[in-house]
Structures are given as structure tokens and as C-alpha cells.
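This report describes one protein chain for a reader who is new to structural analysis. Please keep the sequence and the model in view while reading.

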Amino acid sequence: MLGDPRTTRITGDATAAVHRRTEDVGAEQHPERHREGPVAEAYCWSNLTSGNGSRALWLLLLPFMVVNLAHWMRPTARGRTRAVRLYGLLVRLVALSLTVLLTAAACEVALDLVAWQCAGTPECSAQRSWLGFLSSRQGGWFAQPGRRLAVAALVPAALVGLLWYLSHRTWSAYESQRPLSWDEPDSAETDVDSDVVAQPGASLIRPALGRPGFWYGRRLVARLRAAHTAAGFLTVAAAVGVTAARHDRAADSPVPTVIGVLFETALVLCGLVVVAVVCRRGRSERRLDNRLDRAVTTCLPGTALTLLLCAVVYAGWSRPGWVSAGALPGESAFRALAVGQALLVVVLAAVALSLYRSAPEPRTTLHGLGGPAVAMLACALGGVMTGGVAQRVADWLDGPGTPGMGAGADIEGPPALLSWQASVIPVLLLLLLPPVIWLAARTVRRARRMGPGIEAEYEEEHPEPGRTRRIARTRATAALTDSAPGILGLLSAATLLLGAGAVAGSWLTGEVPGLAMDGTAPFVESVAETAQSTGSWLTGFGVILFVTWGRRAYRDVSARRTIGILWDVGTFWPRAAHPFAPPCYAERAVPDLSSRMCAWTGRTRGRLVISGHSQGSVLAAAAVWQLPDPVRHRVALLTYGSPIERLYGRWFPAYFGRVPLEGLQRSVDCWRNLWRATDPIGGPVRIDEGQGHEVDRGPLKDPLVYGRTVEYPLPEPILGHSDYQADPVFAVERAALLERLGPVVPRQVGAGAEDPGGAAAQGSSGRSSG
């Protein structure tokens, strides 16, 4: 990035730091040596997203990350505080349901399939020696079903504990980094749900990302972590204790029934407290955690864990006549989760549509329904990952055949609903096939129509058909990014309808699709069995694919960097909905950048151009918003390959919509944005030119020349999203920004030296985020 292999870290640590060329380290002390050009700095934040290999395992937290994105996709609101709060509440409840779903799936595998069904069936346990101490045929102390469940509860409880540990560890490293306190009032305290805040005594509008406490989520994440950890422990406690309580009520048990009633009452009360904590709103972090927050974060997980221990003791009470038969009663729990998630998403869609209609912004994705669509996608991913694990474990334990079909199986298998949900996956893929084919055909037609225009653009007298086709194909393929909302909307709607059909089918028949269709037409019966078996393998394949990617990324640095680019977008936003999502690297990067800019300009009174490529341009904008007004007016912004409007402005309109971007343009001294038609990620900002100086410059020529010339004797590559610095326009625009910022500011604060000004750039170790 700096164009020199000799670099020196001047501030920061091994995780994220600011670097300079070695010869520029003492630029402030010797300004007379740097009269020829700006002093370049590079902010490297790649280790925040793709550092050590263990972070590749964050792929397994993908549903949590996706639902957290849905929280920030709210449409622009104008005076709709209650609707905005309801939107956030619904997303947090969807996120809570995903935690319960993950824990319930772990309980399904460990408690139901292994401890209840396989260990309770002599044919299954005899083939697996590691289950010998739990086997009912051994007649040992663990032969009773309740005691087997108590032992198996260690697995899902350990999973919840692991999630708590990972969240707490990353919370300490990311959200607990306090931002600098600027000497200006925090008007966001008065209304934390508004999109923009007018600063008292200031003529400019500060968007939500400019609030002093926006990138400091210590309090909120701690509160959510306590609630989700408690919800996980309560789910395990319910799977163990409620099963024992049902047996005591239905049979002549030596255990008093009143104990089960008291346990279930305590379980319900603790669950209500968890929901109440999740429903608490607010992202203001100007004050430290108060006593209530400390009580919640300390006592709530401990209380839930105590209930889990009580459930283990209660289930382990001797019940000589209790035997395990069939499947553990859990079908209703999975069905209630699926129905609850669907209802929450539907209500969320109604709220989002109402917000959009009150303040319509044409560029908003799916007319404001992008958030609900992404929330539905998170639920689908959660269902595929959890159901896939259950399907594969059941297939491993029951021998040959599809889980749940019963033909030669040793165990009954997972709940029928999981088989119905797996069966709709092939149908969903078939539904997506026509629009994908249509998009491919449209791209081919568009590339053919672009040919004459490309040749006219380059004024080529002797065009080469192959060269023209490559340029046209690249441009047409880059335009496919704008078709993603339609595909996502179709996918989410189809998932919702097919999921409702799966719930209805399992509820009406009580059997897996292959058995439910017995006696119908041979074609229908064959299709049902094929869909069930194919879906079972596809769900398992999806889980294996995630694990394989994670293992490869653990060993392969280049693959880890590729996954890091994925996290660049997914983990930019704070964990406002799900505390177990991968941590927000912007909680560290944005304060780093803003404090560096503020400290440098305050010490030198120099001019500064902050240059950002791709995701780095989004970080640059967020950091500039955090600056005090006097500093912002001495900063110029240079973005290139920027998704700030094409992705963030359309999918996150409340934070990167038209009003915030126009405010950003007015708040900085000047802003220039470079883009190419061949870039599938970056694009124009599309700010109304009547608001100030022109922002967009493009589309830039890519490739720079069509064929061979004297100046370019070899064919020039099509760069697309990378190497914007290779375009001569980049140096011209950077020089123009420095010129526009004004003459060299002559004096460094506290020293008699003159300073020539500076330029700042930020990004990752890869060119795609520089």
C-alpha cells in the first residue's frame, strides 16, 4: 500500500496499527525534508478479521451474524420512535430463538438420539462400545433414562459455556475499548433511536454512526450475553427436567409430583426474565454499567445454571420403572420454534414496510423488506445447520436407510419436522433454478449489446472481437450485484412458504414425508422419498462444508484471508441483536482511525486526506463521522471501489442513506469517489450535485487502453475491484484534494517546525480492502 517494502509501525499493536515508510517516520520533527509531497500512512486492520486460524471457526456462527445484520437494515424513519423500537425488539427476539434452536439441536443429538434412543435400545448400544456405561442392557447405575439424560446434558451445556466464553473473550478485546471523549455534548442521549441528530449550536447534521457511544457496545453486549447464555442453560434444563416431570405425572413414580411443578414454575419465571432483558432497548454507552446491569449479567446466567443443576439432580432421582421408548418428546418444541420464528419475521416485515412507507427512499432494498428477508435467511441457515447435524448423527446411529423411515433402523430417528424441513431444500433449489438461468441469459444478452459501445468508447479503429467480449462480459457480470436483492427476496419468501408447509405436514401426519405419502400415487410417493433422502444429505453436506472451510482456513493463510473478506461486511456492525455473533472489528478500527486523525491534526494543525478502498472506505466514513466539527472541516475524503452506496446505502438506509451521505459531503472539506463499471463491489455515491462539489468521478476506463500502444506495448489487464492506485486518475485526484484543502499549514503545535501536511490511508494486508 505504501509502495515501499521498508515500513515501520508508528502506533498500534500486532492486531491493528498505523504504518509509515521508514524514511517518513520523523516527518513531524523534520518537515523541511517532506516538501515534495504528502506523508503517507497506512492503517492495517486485517488481523481484526482474519488473524489467527481459530477465527475461521466463526463460520459456524454464520446464522448469528446474519440476524445481527438484519437489525441494522431498518428503513429510514422520521419520528416513528415506537415503530423503530418494535423493529429492534422483533429482531432481538428472532436472535434469541436462534440461540434456543442451536441449544435444542444439541439436546436433540446428545439427549434424544444418543442417550435416550441409542443407549436405550440394546441393538444400537451393542454396536457402540463407548455407550456401554449408559446402555440399558448393562443394568448399571446409568441404565435409568433420567440418569442417562443427566450425563448427556453435559454436551449442550458445554456448548453454551463455550459460546459464553468466546463472546466474553471477544467482548473484552473489542467492545470494551473506550472511545475518546470529545468536548461536545452527546445529544444522542435524548433519543437513541433517531437516524440523525442535530448537534446543538452546529449547522450540520450528525448521523447515528457519529454518536460518541455508537462504537462502544460494552453494556449492551454484556446484557445480551447474559440473557442468551441463560436461555441456553434453560433450554438444556427444560429438555432434562421437563421429561422427568412428565414421567412423574403420567406414571406411579416414587418422586413427588410437586417437585416437577415447582421446577417448571421456576423455569417459566426465569425464562420470562430472560425475555424481559432481551427486550430492553438502548445503545447509549456514555455511562458505565449500573447496578441493575451488573446484577443481570452476574445473576441471570448463574440462576439458569443453578436450575440446570437442579434439573440434573431431579432427573437422576431413582425411578426403577422408567424405561425409554421411541423418541424423546421434542417435536412440539421444534414446531413451536419454527412457528414462532415465522410469525416474528412476518410481523417484522409489516413494521419495516410501515417504516418505509412513512419515509420512502427509492434506493432502499426491497422497499424496506431487506431486514426481514435477511432475518428469514438467518432462520433458514440455523435450521439447515442444526437439522443437518441431527440428520447425520441419526443416519450414523440407525444404520442403513434414511433417518425416520424405520426400515431396518435401530432407532426411531429425529423429530419428523426436521425431516420435513430437509425435504423442502431440493424443492427450494429447483425454485431458484429458473431465476438464476434467467439472470445468466440476461447477462449474456447485455454483454452482447455492450460491444459496439465499448469499441466507440475506446475509439478503436481495428477492434478485436475477443477483447471486446472480455470487457463486455466483465461489465455485465459486475452488474449482477444489483440483482442480489431480488434473488434474496425470492429465496426468503419461498423459504417462509415452504417452511410453513413443512410445519403443517409434520403436524397433520406426525410422520416423515416418505411414510406420510405411503398409499398415494406411485409418482408422489417416489418424489416424497427422493426429496427426503436428498434433503437429508444436502443438510449434512452443508454442515460438512462449513467445517471443511473452517479447517482449511485454519491451515491455509490465503483461504483465511478470503474468509476475512467475508467478515469485512458481516462483522462491521456492532453486536446489537446477537451477542454470540462474530465480534465487530469496527469497535476497534473506527476509534483507532478517528483518534489518530484527531490527534495528528490537533498536534500539527496540518491538512489530511483519508483514503479508503472497498470496506476501508466505509471505515473511513464512519471514522470521519466520529470527528469533532473543526477537525472534519480540515479533512478530505478519497474513496475508490467503495460499496458505501451500492451496498450500505441500499441495505442499511437508516445509517448510509441519502441524508447521512449528503451530510458527510457537507461536513468534510471535500470528497471524491472513484469507480469503475467493471467493479462488482464499488460504485458511485449518487449524491445530489446541487449540495456542493462533485463527488463521483467515473466510470474510469478499465482497462486503461483497449489494445497495444507505444506507451502500453503489452495488453493491459481488466482490474475490476483492485489496483485503483494504478490508474493515473488516482494520483491526479489525490493531488487535487490536497490542493483544495489549502496551503501548507506552517506550524506544529508546541514546536517551531513547519509541517507539509499528510495523507492517511487505511485497509487490510490485501489489496481488496486497502
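## A residue in a surface patch

In which helix is Leu162 found? Leu162 belongs to helix 6, which covers residues 154-173; helices (H or I, at least four residues) and strands (E, at least two) are DSSP runs, numbered from the N terminus. The model is a predicted one, in which local features need pLDDT of at least 70, side-chain atom pairs count only at pLDDT 80 or more, and totals for chains, interfaces and linings use all residues. Residues are numbered from 1 along each chain as its sequence is written, and side-chain values use heavy atoms, with hydrogens and water left out.

Leu162 is partly exposed, because its relative accessible area is 43%; buried means under 20% relative accessible area, exposed over 50%, and partly exposed in between (1.4 Å probe, protein chains only). Together with Trp164, Tyr165 and Leu166, Leu162 makes a nonpolar surface patch of about 360 Å². Patches are made of residues with over 30% relative accessible area and no salt bridge, where like charges are joined within 9 Å and nonpolar side chains (Val, Leu, Ile, Met, Phe, Trp, Tyr) within 5 Å.

## The chain as a whole

The chain contains 24 helices and 10 strands. Of its 770 residues, 56% count as buried. The accessible surface comes to about 32,200 Å², and 62% of this belongs to carbon and sulfur atoms. Such areas come from the Shrake-Rupley method with a 1.4 Å probe; for residues, only the protein chains shown count as cover.

Contacts (heavy atoms within 4.5 Å) can join parts separated in sequence. Among contacts between residues at least 6 apart in sequence, 78% join residues at least 24 apart.

## The nonpolar cores

In soluble globular proteins, nonpolar side chains tend to be buried together. A nonpolar core is a set of buried Ala, Val, Leu, Ile, Met, Phe, Trp, Tyr and Cys residues joined through side-chain atoms within 4.5 Å. The largest core in this chain has 115 residues, and Leu209, Phe572, Trp573 and Phe656 have the most contacts inside it. Helix 3 (residues 81-118) supplies the largest share of this core, 14 residues. Apart from it lies another core, of 40 residues, including Cys107, Ala230, Val278 and Trp322.

Not counting residues up to four places away in sequence, Phe572 touches several residues, among them Leu209, Trp215, Tyr648 and Phe656. Helix 3 is also the place of Arg92. Arg92 is buried, because its relative accessible area is 6%. The side chain of Arg92 reaches the backbone oxygen of Cys279 at 3.3 Å.

## Salt bridges

How many salt bridges does a search of the whole structure find? The search finds 19, a salt bridge being a side-chain nitrogen of Lys or Arg within 4 Å of a carboxyl oxygen of Asp or Glu. One of them joins the side chains of Glu41 and Arg20, at 2.8 Å from N to O. Glu41 lies in strand 3 (residues 39-44) and Arg20 in strand 2 (residues 17-21), so this pair ties together parts that are 21 residues apart in sequence. Both Glu41 and Arg20 are buried.

A salt bridge also joins the side chains of Arg363 and Glu645, at 3.4 Å from N to O. This pair links distant parts of the chain, 282 residues apart: Arg363 is in the loop between helix 10 and helix 11, and Glu645 in the loop between strand 7 and helix 21. Arg363 counts as partly exposed at 24% relative accessibility, whereas Glu645 is buried, with a relative accessible area of 2%.

## Backbone details

The peptide bond from Gly698 to Pro699 is cis, with omega near 5°, and Pro699 is found in strand 9 (residues 696-700). The bond from Asp702 to Pro703 is also cis, with omega near 5°; Pro703 is in the loop between strand 9 and helix 24.

His367 has a phi near 55°, a positive value in a residue other than glycine. His367 lies in the loop between helix 10 and helix 11 and is exposed, with a relative accessible area of 53%. Arg686 is not a glycine, yet has a positive phi of about 60°. Arg686 is placed in the loop between strand 8 and strand 9 and is partly exposed, with a relative accessible area of 48%.

Definitions and conventions
Polar contact = N/O pair within 3.5 Å; in protein donor to acceptor, adjacent residues only side chain to side chain.
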